[in-house]
Amino acid sequence: MRLILLGPPGAGKGTQAQRLVQRHGLVQLSTGEMLRAAVAAGTPVGLQARDIMASGALVPDDIVIGIISDRLDQPDARKGFILDGFPRTVPQAQALDALLKKKHMKLDAVVELRVNESALLARVESRVAEMLARGEEVRVDDTPEVLSTRLASYRRLTEPLIHYYSERRKLLTVDGMMTIEHVTREINRILAAIGVVQAKPGAKPGKAGAARGLRKAARTGAAASAGKAGKAARTAGRAGKPASKPAKRSARKTASASRGKSARMPKKSAKKVTKKRANTQKRLTKRS
């Protein structure tokens, strides 16, 4: 399984990535961590990135892609990976597509965690107020002002990726404003729906599954009804066919026997009556 998680800062991408890693045994690929690991390992790409990072400049896309390429060649990435923090722009997405094609890999899905920016800002403000009330120090990058700047950068640079991956039928959108548990369940549900992961045994079908089941049942019922109707029609057709020759002979024999019996019965009865009358007449004549 190969995934990309999209969403603005504070959407919960890191939390959901960790849950997917634990559930499916994937590798979470964070560009920042990969850059630091490449520099520490002294790889050719890492050495290129080291001087750039030391100067505080942004690492060019071709170097980042080179680091991702090296990381995908490692054995633990064969089962699958989640890209966190990359791509951030459409050119980076295009470069990633070319890299995956070169490695004969297929991107399964891009999961977008859609959130309400006003709600995110309200969460940060509430968190900062609670920390100050407890006398805790607030991180410099965890303020509403910093978040507003990061959200504006996301809209300008990264949000176009939603359209990019939607056109390629890779985008799956999840409501990131739900609880962490609900977001996790929804991500796994839609991944199972597209066949990326297996659904849990005994899981209740969604609306689409239920509709398919109803359509199948309707087709089965219609087929059964048609089969019964056809059988009834064949039976009726056989009943209307002329009888076979043996059946005809049997019917004639039975009818003939019935007529003969009917004809003989009255004749025999008449003879008995006549004979009885004659005997009675003889006895009367003798007495007289």
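The structure is a predicted model, in which local features need pLDDT of at least 70 and side-chain atom pairs count only at pLDDT 80 or more, while totals for chains, interfaces and linings use all residues. Residues are numbered from 1 along each chain as its sequence is written, and side-chain values use heavy atoms, with hydrogens and water left out.

The chain contains 11 helices and 5 strands (DSSP runs, H or I of at least four residues for helices and E of at least two for strands, numbered from the N terminus). Of its 288 residues, 30% are buried, meaning under 20% relative accessible area with a 1.4 Å probe, protein chains only.

Ala11 sits in the loop between β1 (2–6) and α1 (13–24). This residue counts as buried because its relative accessibility is 8%. Leaving aside residues up to four places away in sequence, Ala11 touches Leu113, Val115 and Gly176 (contact means heavy atoms within 4.5 Å). The C-alpha atoms of Ala11 and Arg114 are 7.3 Å apart, although 103 residues separate the two along the chain.

Now for the helix pair. The axes of α6 (residues 117–133) and α7 (residues 144–158) come within 9 Å and cross at roughly 155°; axes here are lines fitted to C-alpha atoms over the stretch in contact, with angles from 0 to 180 degrees between N-to-C directions. So α6 is roughly antiparallel to α7 (angles over 145 degrees). On the α6 side, the contact involves Glu117, Leu120, Leu121, Val124, Glu125 and Val128, and α7 contributes Pro144, Leu147, Ser148, Leu151 and Arg155.

Notes
Angles under 35 degrees count as roughly parallel, over 145 as roughly antiparallel, 65 to 115 as roughly perpendicular and the rest as oblique. Buried means under 20% relative accessible area, exposed over 50%, partly exposed in between (1.4 Å probe, protein chains only).
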